Amino acid sequence: MGTTEHAKQPVPAEAGSGAGKRLPILKTYKLYIGGKFPRTESGRYFTARAPNGTALANLCLSSRKDFREAVVAARAAVEKWSNATAYLRGQILYRIAEMLEGRRAQFVSELVAQGSTETDATAEVDASIDRLVYYAGWTDKFQQIFSCVNPVSTSHFNFSVCEPTGVVGIVAPEADGLLGLVSNLAPAIAGGNTCIVLASNTRPLCAVTLAEVLHAADVPGGVVNILTGTRDELSAQFASHMDVNAVILCSSDAAEIQATQIKAADNLKRTIVRQSSDWSAPEHQSPYLILDTQEIKTTWHPIGS
Amino acid sequence: MSSRTETMPVFPDLSRVSRVDEVGVEERVARFQKRSIKKESKVHALRLALSMMDLTTLEGQDTAGKVRQLCYKGRHLHDAYPDLPHVAAICVYPSLVRVAKQALAGSGINVASVATAFPSGQSSRKVKLADTTFAVSEGADEIDMVISRGEFLQGEYAYVFDEIAAVKEACNEAHLKVILETGELSTLDNIRRASVLAMHAGADFIKTSTGKVQPAATMQVTLVMLQAIRDYYMETGRVVGMKPAGGIATAKLAIQYLVMLRETLGKTWLTPTWFRFGASRLANDVLMQLVKERSGAYQSLDYFSKD
């Protein structure tokens, strides 16, 4: 990635006498696809900048081929993740929260570097952790609430149950680089879906660091795939890919929403539009958000005569 | 089609078989994988790959119904996309040859059958020949035989040679593909030697693998076999075909094989007559790429028939 100007570098510590100053190691932010951290196949990068224009880091500018690879990984992970017990999914979500808690300082400093105040950043990280714990608790409870036994006039036992939609594309909100992402990601994976996330383009640092947390938290490879890049290039791909079953678009841009809905119609993709100026608001934490990426399957089971 | 010679096959001088430079093979293969293929050539290559495909089902659980369905798939790869070629052959076990033959009548698609105690080849000569004769009498146009890897590995080259020659004779007019099962031959030198042996014994095609042993076809192994075919052609003037089989599941990989074929053997081999892909999963991936090239959207397996 070459030499990048870097704000907020750690103060170089003096090495032994005569050895000169220690050269700080800059972090390379890569993609997260199928449980691995590849660079973009396109070889393109962009620079994440602080609000005052200082360069923070170079990140991968994902191409549609990276997106395609991510969908392949997500599709491959569907069977195992959707068949995992609700209990296990809850444990893993809780584990993500634990790992995130352990790296709070890093997330706070990344948010601050991207323009948040120290107080806001701390509140955002805390809210993200709490939100993961919240959905961890819901994994083995939402089915009971949303499933039902239906009275029918024939001799059938008729019941409706939730099933995960499958592969969900998430175009994460631009603001709230961490909480916005977690608020959309957690309900989708809690319900047994696998995801491809396009991180915020202006505040991408936390997304890549979150990938490391997910990786360390025993989230199976492919269940969450995280890309960095631009909406202009990728949101159309999220909408048009035939192997994506639902797309969550965090946007208030009417043209973008319409374009996504039109393209998504090709394979009857579930299109969920979410917009918010404050992702910490209580309406962004609800079992109904899990239901957004569930399909209801009704079974007619013959009984007696 | 028939390139059978009236003369008896002659055992080759294996001491003259050149050794394989493994590092060179790796480097050459790495280069084939870096070619940039433009869209128009890609579509052409994908269509060619479809026409070279031996659509295969070799499972203990195969039934007549499954085979009929596969034959239908071979004839109608994806009806939503008009003017697609059909596959080259349907490859089944001998007991299902008759079913496949009926299902493919008039389509121009060949029926290939594995024979000679596939996949291990661990049986007597008599049983293997009977197996072959049975498949041919049921109507197989192509026979995929396995060599006795055990005999080959303990140096009984003459035994393997005689066996191939005998099966070739039992094939009559049917084309003979000889499976080396490269995953069990352990070295590239062995693979080259087995290729030479098979070609001299009368093989119309040499084929990498049964698909039942890992590793199956790799580009390295295929390159060594292609080079053996080239040298054999230089020496005798007879064209021998090549069939990599097993593990080729993506369109991208199939195109890389075609690039390798074109640059090693030349245009003569770029036809279903002399090159085949043995595959069960490849067809759908190629179809998805073709539809993607046309519609612009990446495709899902949900919209393509399984077999």
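Tutor: Between chain A and chain B the count is 0 salt bridges, a salt bridge being a side-chain nitrogen of Lys or Arg within 4 Å of a carboxyl oxygen of Asp or Glu. This is a predicted model, in which local features need pLDDT of at least 70, side-chain atom pairs count only at pLDDT 80 or more, and totals for chains, interfaces and linings use all residues. Residues are numbered from 1 along each chain as its sequence is written, chains are lettered from A and ligands numbered from 1 in the order in which they are written, and side-chain values use heavy atoms, with hydrogens and water left out.

The two chains do meet: 9 residues from chain A and 8 residues from chain B take part in the contact, where contact means heavy atoms within 4.5 Å. About 830 Å² is buried between chain A and chain B, and carbon and sulfur atoms give 48% of this area. Buried area is the accessible area (1.4 Å probe) that two parts lose on being put together, summed over both. Of the area that chain A buries against chain B, 52% comes from R64(A), R68(A) and M242(A), more than from any other three residues.

Over all chains, the structure holds 32 salt bridges. One of them pairs R68(A) with E69(A), with 3.4 Å between the closest N and O atoms. E69(A) has 39% relative accessibility and therefore counts as partly exposed; buried means under 20% relative accessible area, exposed over 50%, and partly exposed in between (1.4 Å probe, protein chains only).

Another salt bridge in chain A brings together the side chains of R231(A) and E174(A), at 3.6 Å from N to O. This pair links distant parts of the chain, 57 residues apart: R231(A) belongs to helix α8 (residues 231-240) of chain A, and E174(A) to the loop between β5 (167-171) and α6 (179-190) of chain A. Helices (H or I, at least four residues) and strands (E, at least two) are DSSP runs, numbered from the N terminus. R231(A) counts as buried because its relative accessibility is 14%, whereas E174(A), with a relative accessible area of 26%, is partly exposed. The loop between β5 and α6 of chain A also contains D176(A), whose phi is near 50°, a positive value in a residue other than glycine. D176(A) counts as buried, at 17% relative accessibility. Most residues other than glycine have a negative phi.

In chain B, D144(B) and K207(B) form a salt bridge whose closest N and O atoms are 2.7 Å apart. Here too distant parts of the chain are linked, 63 residues apart: D144(B) is in strand β4 (residues 142-146) of chain B and K207(B) in strand β6 (residues 205-207) of chain B. D144(B) has 0% relative accessibility and so counts as buried; K207(B) is buried as well, with a relative accessible area of 3%. Both residues belong to a network of salt bridges that also includes D54(B), E142(B), K177(B), K243(B) and R276(B).

The strands of that pair are part of an open sheet of 8 strands in chain B, with parallel pairing and the order β7-β6-β5-β4-β3-β2-β1-β8. Two strands pair if DSSP finds at least two bridges between them. β7 (241-243) and β8 (277-279) of chain B stand at the edges with a single partner strand each, so one side of each is left without a neighbour in the sheet. Strand β1 (residues 53-56) of chain B runs parallel to β8(B) and is joined to β8(B) by 3 bridges. In this pairing L55(B) stands opposite A279(B) of β8(B).

Chain B also has two cis peptide bonds to describe. One runs from F118(B) to P119(B), with omega near 0°, and P119(B) lies in the loop between β3 (110-115) and α5 (125-138) of chain B. Another joins Q214(B) and P215(B), with omega about -5°; P215(B) is in the loop between β6 and α9 of chain B.
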